[in-house]
Amino acid sequence: MSIQLSDIQAAQELLRGIIASTPLLADEALSREIGSRAYVKAECLQKSGSFKIRGAYNKISHLTKEEKARGVIAPSAGNHAQGVALAAKLHGIRAVIVMPQYAPLTKVRATQALGAEVVLSGLSFDDAAAHARELAQQHGYTWVHAFDDERVIAGQGTIGLEILAALPEVSTLVVPIGGGGLISGIAVAAKSLKPSVRVVGVQATGCAPVRPSLEAGHPIAVTAAQTIADGIAVKRPGDLTLPLIRQHVDDVVEVSDDEIARGIFHCAQYGKLVVEGAGAAGMAALLAGKVPVRPDDVVCTVLCGGNIDGNLLARVIEQVLVRQGRYLLLKLSLIDRPGALARIIEKVAEAGANVVDIFHRRALWLAPLGKVGVELVLEVRDDEHGREVVQRLETAGYHVEREGLGLWPE
Ligand SMILES: Cc1ncc(COP(=O)(O)O)c(C=O)c1O
């Protein structure tokens with residue numbers, strides 16, 4: 001069976017009144033940046049924090065009474081875990097989620113809170129999946145695959161129907177790819193309704209098997225999965241999804257973690273939306289200019305998940321502020337005598353900068369004897385203000401080193 005528009009429309013009927021109808025929002029800042037009309041589908045506001053409920057609910061809806069009575073199982077430490085847990089709860093059936101032993105406690109708790117039984121097993125995702133297979137055999141649970149399943153793909157495809165209904169003039173869809181279920185469903189839906197729509201997939205550079213797989217003509221596994229976009233860190237595309245991607249997706253591009261960080265920041269700053277790395281990959285690709293667009297294009301990217309850890313979000317925001325020149329990292333050496341630190345702080349205050357962090361290091365730096373190393377993190381208005389602060393310190397006789405990351409536009 002290959003997926004038809006009618007399967008996706010049937011899934012939409014099943015999901016009616018069950019899932020949140022997530023908004024399609026104009027993104028003026030993105031439009032300005034890329035020079036064509038831009039929109040986001042805010043699926044980060046979906047129940048369970050991502051689109052995963054759509055596919056899981058559709059899959060479970062089609063199980064027989066007996067299968068439902070036995071329950072479902074899935075290995076996952078990510079959004080699929082919560083999507084399956086919630087879908088099973090809504091159907092009133094048992095869900096077992098197998099996670100690696102060291103899965104973050106927040107994910108374990110969130111999945112349990114949705115009513116699933118969490119089994120911790122093995123050190124890696126592959127170990128957890130092997131254990132899940134054993135449990136499925138022993139207990140007759142139905143496997144809910146995260147992407148390589150027609151019902152799951154059809155469920156995810158309902159996002160495509162919603163985008164086309166809300167924005168019929170859309171000409172380019174930009175969609176993150178992990179295993180490929182999300183983009184396959186969206187692409188089948190969108191191209192069936194409007195064949196001229198261009199669909200562009202986005203992977204993280206740290207885990208990008210889709211382009212080599214398309215070139216090879218079969219799924220290829222990469223060994224590394226190093227990215228802040230853990231939701232799309234899937235090492236091998238699916239046997240079902242790869243042919244669908246080949247048939248319906250026009251292009252696949254890759255984004256670095258720095259670019260993904262900028263995407264997350266953009267969503268928070270301009271969209272007032274909390275979006276995780278995988279969910280911001282499409283935004284990242286657009287901001288980085290990796291998806292060529294024309295002025296008459298109408299572009300939409302799917303912000304497909306919002307389950308980001310608070311610590312990571314804080315680090316992302318800080319890093320982007322450095323990149324935008326709003327945080328200034330300076331290194332100076334001072335004479336080691338009373339009042340030297342106070343004087344430098346005075347200069348900083350005169351320049352109108354705010355001290356975020358200050359490190360006064362005697363031992364760690366290889367500063368000449370009689371001097372100490374000082375590292376300053378300052379908040380400034382913009383890059384120009386930052387340069388003024390540095391100049392003021394240099395004029396006052398300090399030798400200043402500015403820690404540089406390449407600067408980004410705001
Ligand atoms: C937030 C988010 N975005 C995108 C994806 C990719 O979906 P797929 O594996 O169907 O390509 C996932 C998968 O877990 C996800 O959690």
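Residues are numbered from 1 along each chain as its sequence is written. Because the model is predicted, local features need pLDDT of at least 70 and side-chain atom pairs count only at pLDDT 80 or more, while totals for chains, interfaces and linings use all residues, and side-chain values use heavy atoms, with hydrogens and water left out.

## The chain as a whole

The protein chain holds 16 helices and 14 strands, where helices (H or I, at least four residues) and strands (E, at least two) are DSSP runs numbered from the N terminus. Its C-alpha trace spans about 80 × 50 × 40 Å along the principal axes. Of the 410 residues in the protein chain, 53% are buried; buried means under 20% relative accessible area, exposed over 50%, and partly exposed in between, with a 1.4 Å probe and protein chains only. The accessible surface of the protein chain is about 18,100 Å², and 51% of this belongs to carbon and sulfur atoms; accessible areas come from the Shrake-Rupley method with a 1.4 Å probe, and for residues only the protein chains shown count as cover. Among contacts (heavy atoms within 4.5 Å) between residues at least 6 apart in sequence, 72% join residues at least 24 apart.

## The ligand site

Around the ligand there are 16 residues, of which Asn79, Gly178, Gly179, Gly180 and Leu182 come nearest; a residue is near a molecule if one of its heavy atoms lies within 4 Å of it. This shell divides into seven nonpolar, seven polar and two charged residues, on a scheme in which Ala, Val, Leu, Ile, Met, Phe, Trp, Tyr, Cys and Pro count as nonpolar, Asp, Glu, Lys and Arg as charged, and the others, Gly among them, as polar.

| Residue | Part of the residue | Distance to a ligand oxygen atom |
|---|---|---|
| Lys52 | side chain, N or O atom | 3.4 Å |
| Gly178 | backbone N or O atom | 2.8 Å |
| Leu182 | polar backbone atom | 2.8 Å |

The protein covers 96% of the 390 Å² of accessible area that the ligand has on its own.

## Helix H6

Helix H6 runs over residues 105-113, and its buried residues are Lys107, Val108 and Thr111. Seen down the axis of H6, these buried residues fall within an arc of 100°, so they line one face of the helix; the arc is that of the directions from the helix axis to the C-beta atoms. The face turned away from the buried side carries the exposed residues Leu105, Thr106, Arg109 and Ala113. The cover over the buried residues of H6 includes helix H5 (79-91), strand S4 (95-99) and strand S5 (117-120). Just after H6, Gly115 takes a positive phi of about 95°.

## Single residues

Thr227 sits in the loop between helix H10 (210-216) and helix H11 (241-248), and counts as buried at 15% relative accessibility. A polar atom of the Thr227 side chain lies 2.9 Å from the backbone nitrogen of Ala229, and the side chain of Thr227 also makes a polar contact of 2.8 Å with the side chain of Asp257. Not counting residues up to four places away in sequence, Thr227 touches Ala204, Ala233, Asp257 and Ile260.

Val255 belongs to strand S9 (residues 251-255) and is buried, with 0% relative accessibility. With residues up to four places away in sequence left out, its contacts include Val202, Ala204, Ile260 and Ala281. The C-alpha atoms of Val255 and Ala281 are separated by 7.0 Å, although the two residues are 26 apart along the chain.

Ser171 lies in the loop between helix H8 (150-166) and strand S7 (172-176), and a polar contact of 2.7 Å joins its side chain to that of Asp297.

Leu25, in strand S1 (residues 24-26), counts as partly exposed at 30% relative accessibility. Arg16, found in the loop between helix H1 (5-15) and S1, is exposed, with a relative accessible area of 53%.

Technical notes. A polar contact is a pair of N or O atoms within 3.5 Å; within protein, one must be able to donate a hydrogen and the other to accept it, and residues adjacent in sequence count only if both atoms are side-chain atoms.
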